[in-house]
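This briefing covers helix geometry, helix packing and a few individual residues. Please keep the sequence and the structure in view while reading.

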Amino acid sequence: MSLRIRGVEIQSFEAEFKRPFVTALGRKTSSPNVGVLLALSDGSQGYGEASASLALAHLSAERLARALSETGHWARGQEASCPGALVERTWERLSQLSPAAAAFECALLSACAASLSLSLRTWLGGALQELETDITLSAWNADATFAAAREARAEGCRRFKIKVVGRPAEDLARVRAVRRACPKARVILDGNQSLTADSALRLVDSCLKELPVALLEQPLPKDSLSKMPALARRCPVPIALDESVSAPEDALRAADLGACGAINIKVAKSGLARSLRIAAVARAA
């Protein structure tokens, strides 16, 4: 039976944060988001969502909404029984607007899964019933970091991703605040491209005296991949890449160079299908 896209609805809204979100790349108190509701000819529906970028001005909510509206008009009536080709064409159309492409892909694939009476998780082969995650602590002052970490600990969290900004005293104060709130915490340090190789090594050495550090994430600018292997060899904890890897070919290059020990895979920057391929590269390496 033919399965086609019947309609696409776009809705923009503002998601307010409980606390300001602060990184080395900027600060925001809410997220302008764009929701995508996609309906298929059999009545099945799927949902996806795009968030405006803190660091990339061209990824505004207005531009994402406009691009998704145009993509919805283009997609109406198209065959969706085998969605892989349609997903690739969507990424070709929206190659410079990855959150929009990912949102449309999520809506399409979740609708296709629903048409088979499956959840998207089951359709993708998910086996786990539960997992332990970390919670991100923004680049707040020490008091605000302590309060947020204590609240998270009360809810059962023991893993924290701490945003660092390349100012040693401030960064170390945040780590110490987490230690006071949760003495058995395990942390990830996320530089968001704000560090140098030397400052990254000094930061890790200082933080290891306070708490176990699981990863140092994206310490150098995203275009500095060639400099990552030397840092990875010297760093006492694994390097994770985020902004440097948005496509499978980026992951392959990072693996070939020995640039990292982990990759932070985000559906919003890579989409579902490409995220799975990035994970396959990581496993193979």
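Helices here are DSSP runs of H or I with at least four residues, numbered from the N terminus. On that basis, helix α3 is followed by S117, whose phi is positive, near 60 degrees. The model is a predicted one.

**Helix α3 and the residue after it**

- Helix α3 covers residues 98–115, which makes 18 residues.
- From its first C-alpha to its last, α3 reaches 26 Å, close to the 26 Å expected at 1.5 Å a residue.
- Of the 18 residues of α3, 16 are buried, and the helix is thus mostly covered.
- S117 lies in the loop between α3 and α4 (120–123), and its positive phi occurs in a residue other than glycine.
- Is S117 buried or exposed? S117 has a relative accessible area of 70% and is therefore exposed, as the cut-off for that class is over 50%.

**Packing of α3 with α10**

- Helix α10 (residues 267–284) packs with α3 at an angle of about 40 degrees, and their axes are 7 Å apart.
- The crossing of these two helices, α3 and α10, is left-handed.
- On the α3 side, S98, P99, A102, E105, C106 and L109 take part, and they meet V267, A268, K269, G271, L272 and A273 of α10.
- By class, the residues of this contact between α3 and α10 comprise 8 nonpolar, 2 polar and 2 charged.

**Packing of α1 with α2**

- An angle of about 140 degrees separates helix α1 (residues 61–75) from helix α2 (residues 84–93) where they pack, with axes 11 Å apart.
- Because of that angle, α1 is oblique to α2; the roughly antiparallel class requires angles over 145 degrees.
- The crossing of α1 and α2 is right-handed.
- E70, T71 and W74 of α1 make the contact with L86, R89, T90 and R93 of α2.
- The residues in the contact of α1 with α2 divide into 3 charged, 2 polar and 2 nonpolar.

**Helix α6 and its neighbour α5**

- Helix α5 (residues 142–154) and helix α6 (residues 168–181) pack at about 35 degrees, their axes being 8 Å apart.
- The crossing in which α5 passes α6 is right-handed.
- From α5, the contact involves A142, T145, F146, A149, R150 and R153; from α6, it involves A173, R174, A177, V178, R180 and A181.
- Sorted by class, the residues of the contact of α5 with α6 are 7 nonpolar, 1 polar and 4 charged.
- The 14 residues of α6 should span 20 Å at 1.5 Å a residue, and this agrees with the 20 Å between its end C-alpha atoms.
- Which residues of α6 are buried? They are D171, L172, R174, V175, A177, V178 and A181.
- Among the elements that cover the buried residues of α6 are β4 (135–137), α5, β5 (159–163), β6 (186–190) and α7 (197–208).

- R234 belongs to helix α8 (residues 228–234), and its relative accessibility of 52% makes it count as exposed.
- Leaving aside residues up to four places away in sequence, R234 touches D198 and L201.
- The C-alpha atom of R234 is 9.3 Å from that of A197, although these two residues are 37 residues apart along the chain.
- Q218 is not a glycine, yet has a positive phi of about 35 degrees.
- Q218 is placed in the loop between β7 (213–217) and α8.
- Q218 is buried, because its relative accessible area is 0% and the buried class covers values under 20%.

Conventions:
Residues numbered from 1 in each chain as written. Predicted model: local features only at pLDDT ≥ 70, side-chain atom pairs only at ≥ 80, totals over all residues. Heavy atoms only, no water. Expected span 1.5 Å × (residues − 1). Buried < 20%, exposed > 50% of the residue type's maximum accessible area, 1.4 Å probe, protein only. Axes fitted to C-alpha atoms, helices over the stretch in contact; angles between N-to-C directions. Parallel < 35°, antiparallel > 145°, perpendicular 65-115°, else oblique. Left-handed = near helix turned anticlockwise from the far one by under 90°. Contact = heavy atoms within 4.5 Å. Nonpolar A, V, L, I, M, F, W, Y, C, P; charged D, E, K, R; others polar.
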